[in-house]
Amino acid sequence: MTKLAAMAVVALTLGASPAAAQLSQSSDAPVDITADALEVINNECVSIWSGSAEALQDRTRLRADVIKTFSKKGAGRPGAAGGSCGALDRMEAIGNVYYVTPQQKVRGDNANYDVTAERIVITGDVVAVSGPNVIRGDRLVVNVATGDAQMQSGAKGPGKARPRAVIYPNQQAGQPAARR
């Protein structure tokens, strides 16, 4: 019963955290996390969501094989060991990562979401799609607050796996590309 109550408290804390509201740009909606299994390690303030894990806020979705959430450790009671887990500090998405907003879809191998920095870093064969436009690279850094992004690659020079984009000028999202 104590473990179940602790898991409920952690889950409620994550959903109620103001920092968690940053997964989706400009949204105060709660974060809904589901998976096949949940493991909570209270003394480390870590929750491990495994098996088709998905964090959903408003219309923004983060999916992966595993999503780990790390909360800030709060102050404990005077004289008591440890402290309680507080607001969400960061999230890690591991394996088959998809970050989907109404305007964009991004796929990668892993992702880290830093709540304080309001930044998501997606790594490993990253593909970002917005309408007909496609950008590929090794590492995508997205500022969640502003929507600014950087695509990076470790390779330099022609013939290497540098960041690459296929952009259709004058196309609206959802329209097929014109043929010539």
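Which residue takes a positive phi in the hairpin of β2 and β3? Cys-45 does, with a phi near 55°. Four residues lie between the two strands of this hairpin.

## Basis of the model

This is a predicted model, in which local features need pLDDT of at least 70 and side-chain atom pairs count only at pLDDT 80 or more, while totals for chains, interfaces and linings use all residues. Residues are numbered from 1 along each chain as its sequence is written, and side-chain values use heavy atoms, with hydrogens and water left out.

## The β2–β3 pair

Strand β2 covers residues 37–41 and strand β3 covers residues 46–57. Strands here are DSSP runs of E, at least two residues long, numbered from the N terminus. β2 and β3 run antiparallel, joined by five bridges. Pairing requires at least two DSSP bridges between two strands. Leu-38 stands opposite Trp-49 of β3.

In a regular strand, side chains alternate between the two faces of the sheet.

## Nonpolar core

The largest nonpolar core holds 25 residues. Such a core is a set of buried Ala, Val, Leu, Ile, Met, Phe, Trp, Tyr and Cys residues joined through side-chain atoms within 4.5 Å. Leu-62, Ile-67 and Met-91 have the most contacts inside this core. At least two of its residues come from each of β1 (31–34), β3, β4 (60–73), β5 (85–100), β6 (105–114), β7 (119–130) and β8 (133–143). β5 gives the largest share, five residues.

Ile-67 has contacts (heavy atoms within 4.5 Å) with a set of residues that includes Trp-49, Leu-62, Met-91 and Glu-92. Glu-54 is also among the residues that Ile-67 touches. Residues up to four places away in sequence are not counted.

## Salt bridges

The structure holds four salt bridges. Each is a side-chain nitrogen of Lys or Arg within 4 Å of a carboxyl oxygen of Asp or Glu. Glu-54 pairs with Arg-61, with the closest N and O atoms 2.9 Å apart. Arg-61 is partly exposed, at 31% relative accessibility. Buried means under 20% relative accessible area, exposed over 50%, and partly exposed in between (1.4 Å probe, protein chains only).

Glu-92 bridges to Arg-90, the closest N and O atoms being 2.7 Å apart. Glu-92 is buried, at 19% relative accessible area, whereas Arg-90 is partly exposed, at 31%. Asp-109 meets Arg-107 at 3.9 Å, N to O. Asp-109 is partly exposed, with a relative accessible area of 34%. Shared partners join Arg-107, Asp-109 and Asp-125 into one salt-bridge network.
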